[in-house]
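Let's take a friendly walk through one protein model, helix by helix. Have the sequence and the 3D view ready as you read.

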Amino acid sequence: MSVLDDIIVGVKEDLQDRKSAVSTLQLRDMAAATAPALDAFAALGGNDAPRAHLRVIAEVKRKSPSKGDLAHIADPSVLARSYADGGAAVISVLTEQRRFGGSLQDLDVVRSSVQVPLLRKDFTVDAYQVLEARAHGADLILLIVAALSDAQLTELMGLSHELGMNVLVEVHTVEEVERAVAANARIIGVNVRNLKTLDIDRSVFASLAETIPAGSLIVAESGVRDVADVEHFASLGANAILVGEALVRNNNPQEAIETFSRAGAAVIANR
């Protein structure tokens, strides 16, 4: 069993507990009562024709399967505000609890503290999770092509759009890029971490980014450690980067985001 498969087994078990506590009908009512979703596509430069800036998706991330504990985040709202002050275009909140130490409560706390679009970062395999995301204030969800059939991908994207949310569609191979494009994904994230082994291979980004159609927003996921990595991904066509570990372990995440944004913009200007 791959790491991804193992994670999804746990996700489905935890999902059953939440379904027992809150019905789908209750979730739909909660989602309907939530303020309209913010436009994450626009925030990531989707309506900016020149796309002259590199956007940062800054992640609230307590731990990971590959590194274990990353940071003690006593109050996610404090970290989220520093991200917003640094100019993060989107704030990502991990809600998977077993491997990442996240929760929907973290999403609630961050939602109440910032007006930046929020990404619910999880392993979404069920329509219930899409409703949860909207009910708890998410504006954007993650769908991992490797975890879904084409029918599931289409269904979950459709529900997300019905609820006013955008979708970050994650790919790892050329075949997954083709599936994402066929599903009309507008925001495509290239994850350079192999979810079967958790190994990082930054060269994957170049080979996949060149296969993504013009007009799509391309997000570089995983592997961003420093300015050199930011410049690398920006030079290869990234419109945005998703950064977690490098920010939660930084004593000044606001300044780090500002530095990454400047470095990326300088590369894009000469691209």
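In helix α4 (residues 76–85), the buried residues are P76, S77, L79, A80, S82 and Y83. Buried means under 20% relative accessible area, exposed over 50% and partly exposed in between, using a 1.4 Å probe and protein chains only. This is a predicted model, where local features need pLDDT of at least 70, side-chain atom pairs count only at pLDDT 80 or more, and totals for chains, interfaces and linings use all residues. Residues are numbered from 1 along each chain as its sequence is written, and side-chain values use heavy atoms, with hydrogens and water left out.

**Around α4**
- The cover over the buried residues of α4 includes β1 (55–60), β4 (90–94), α5 (104–113), α11 (245–248) and α12 (253–269).
- Helices (H or I, at least four residues) and strands (E, at least two) are DSSP runs, numbered from the N terminus.

**The loop residue H136**
- H136 sits in the loop between α6 (127–135) and β6 (140–144).
- With a relative accessible area of 16%, H136 is buried.
- Leaving aside neighbours within four places in sequence, H136 is in contact (heavy atoms within 4.5 Å) with M30, L104, L107, D108 and R111.

**Where α6 meets α7**
- On the α6 side, A127, V130 and L131 meet E155, L156, L159 and S160 in α7.
- By class, this contact of α6 with α7 has five nonpolar, one polar and one charged residues; Ala, Val, Leu, Ile, Met, Phe, Trp, Tyr, Cys and Pro count as nonpolar, Asp, Glu, Lys and Arg as charged, and the others, Gly among them, as polar.
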